[in-house]
Amino acid sequence: DPAAVQRFASSLQREANRLGHIVQEIIELSRLQSATYVADSGMVNLNEVISDAIDRTQIAAEAKQMRVLTDTSEQVFVTGNYEQLAIAITNLIENAINYSPENTKVSVTTEIEDGIVQISVTDQGIGIPESDQARIFERFYRVDPARSRETGGTGLGLSIVKHVATKHGGDVSVWSAPAVGSTFALRLPIYSNTGETNS
Ligand code: ATP
Ligand code: MG
């Protein structure tokens with residue numbers, strides 16, 4: 001039955017992708033948890049990281065007729081690991097897309113104040129109930145497991161973001177209101193010549 005073969009094949013492919021994604025996240029998280037310092041730390045152009053992260057999420061955004069907008073007026077540099085920072089920002093944009101209805105917007109903005117750059121990822125999505133907001137950064141925590149089965153996540157994305165933030169001497173926080181949307185703010189110390197990063 002060629003139709004059934006096709007259906008099973010695409011289901012196999014989907015599950016294989018999902019497993020690949022989980023394995024990648026687990027490897028990333030254990031790598032972050034085992035090192036006490038940021039590996040391959042250097043001067044990183046944050047604007048490059050942001051546009052790279054937007055590129056990586058483009059297919060997912062297009063599939064939902066969503067646009068990811070950014071303001072890249074000011075050049076900002078931080079000290080750290082390019083790939084880790086790219087993964088963190090990609091995870092935030094991925095969530096903004098996954099937990100929003102079609103045809104909505106996501107924005108990525110940067111703001112500098114007192115030697116800190118804040119990268120904000122804002123969506124017009126389903127939002128997060130206040131009672132869950134403290135727990136979403138925990139490993140495997142998902143707000144609505146039944147509903148979010150459709151989105152096929154693992155619950156590791158935000159805990160990776162949190163680890164990357166902490167390793168880089170920064171932090172991540174959330175503002176959210178159900179049915180209004182969410183803003184995730186990643187704050188990082190801007191580049192210093194001493195090359196020091198907190199562990
Ligand atoms: P993955 O490991 O693939 O990232 P995930 O997206 O479920 O899976 P996290 O990124 O850690 O895991 O997010 C945890 C939970 O927080 C999500 O399951 C979702 O319930 C909620 N969440 C995260 N970001 C948003 C958002 N922008 N809007 C609404 N809910 C969100
Ligand atoms: Mg996620």
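Modeller: In this predicted model, the side chain of Thr-104 reaches the backbone oxygen of Pro-101 at 2.8 Å. Thr-104 itself lies in the loop between helix 4 and strand 4 (105-113).

Colleague: Is Thr-104 buried or exposed?

Modeller: Burial is read from relative accessible area, with under 20% as the cut-off. Thr-104 counts as buried because its relative accessibility is 12%.

Colleague: Which residues is Thr-104 in contact with, leaving aside its neighbours within four places in sequence?

Modeller: With those neighbours set aside, the contacts of Thr-104 are Gln-65, Met-66, Arg-67 and Gln-124.

Colleague: How many residues of helix 6 are buried?

Modeller: Helix 6 (residues 157-167) is mostly covered, with 8 of its 11 residues buried. Among them are Gly-157, Leu-158, Ser-159, Ile-160 and Val-161; Val-164, Ala-165 and Lys-167 are buried as well.

Colleague: What do the buried residues of helix 6 pack against?

Modeller: Their partners are helix 1 (2-34), helix 4 (82-98), strand 6 (171-177) and strand 7 (181-189). Just after helix 6, Gly-169 takes a positive phi of about 75 degrees.

Colleague: Let us turn to the ligand. Which residues come nearest to ligand 1?

Modeller: Of the 21 residues around ligand 1, the nearest are Glu-25, Asn-95, Asp-123, Arg-142 and Leu-158.

Colleague: Which backbone atoms lie at polar-contact distance from ligand 1?

Modeller: A polar contact is a pair of N or O atoms within 3.5 Å. A polar backbone atom of Gly-155 is 2.9 Å from an oxygen atom of ligand 1, and one of Leu-156 is likewise 2.9 Å from an oxygen atom of the ligand. For Leu-158, a backbone N or O atom lies 2.8 Å from an oxygen atom of ligand 1. Taken alone, ligand 1 exposes 600 Å², and the protein buries 96% of that.

Colleague: Which elements give two or more residues to the shell around ligand 1?

Modeller: The space taken by ligand 1 is the largest pocket. Helix 1, helix 4, helix 6 and strand 7 each give two or more residues to the shell.

Technical notes:
Residues are numbered from 1 along each chain as its sequence is written. Chains are lettered from A and ligands numbered from 1 in the order in which they are written. This is a predicted model: local features need pLDDT of at least 70, side-chain atom pairs count only at pLDDT 80 or more; totals for chains, interfaces and linings use all residues. Side-chain values use heavy atoms; hydrogens and water are left out. Buried means under 20% relative accessible area, exposed over 50%, partly exposed in between (1.4 Å probe, protein chains only). Helices (H or I, at least four residues) and strands (E, at least two) are DSSP runs, numbered from the N terminus. Contact means heavy atoms within 4.5 Å. A residue is near a molecule or strand if one of its heavy atoms lies within 4 Å of it. A polar contact is a pair of N or O atoms within 3.5 Å; within protein, one must be able to donate a hydrogen and the other to accept it, and residues adjacent in sequence count only if both atoms are side-chain atoms. Accessible areas come from the Shrake-Rupley method with a 1.4 Å probe; for residues, only the protein chains shown count as cover. On a 1 Å grid over the protein atoms alone, a cavity is a set of points where a 1.4 Å probe fits but cannot get out, and a pocket is an open set with protein on both sides within 12 Å along at least five of seven lines; lining residues have an atom within 4 Å of a point. A molecule sits in a cavity or pocket if more than half of its atoms lie within 2 Å of its grid points.
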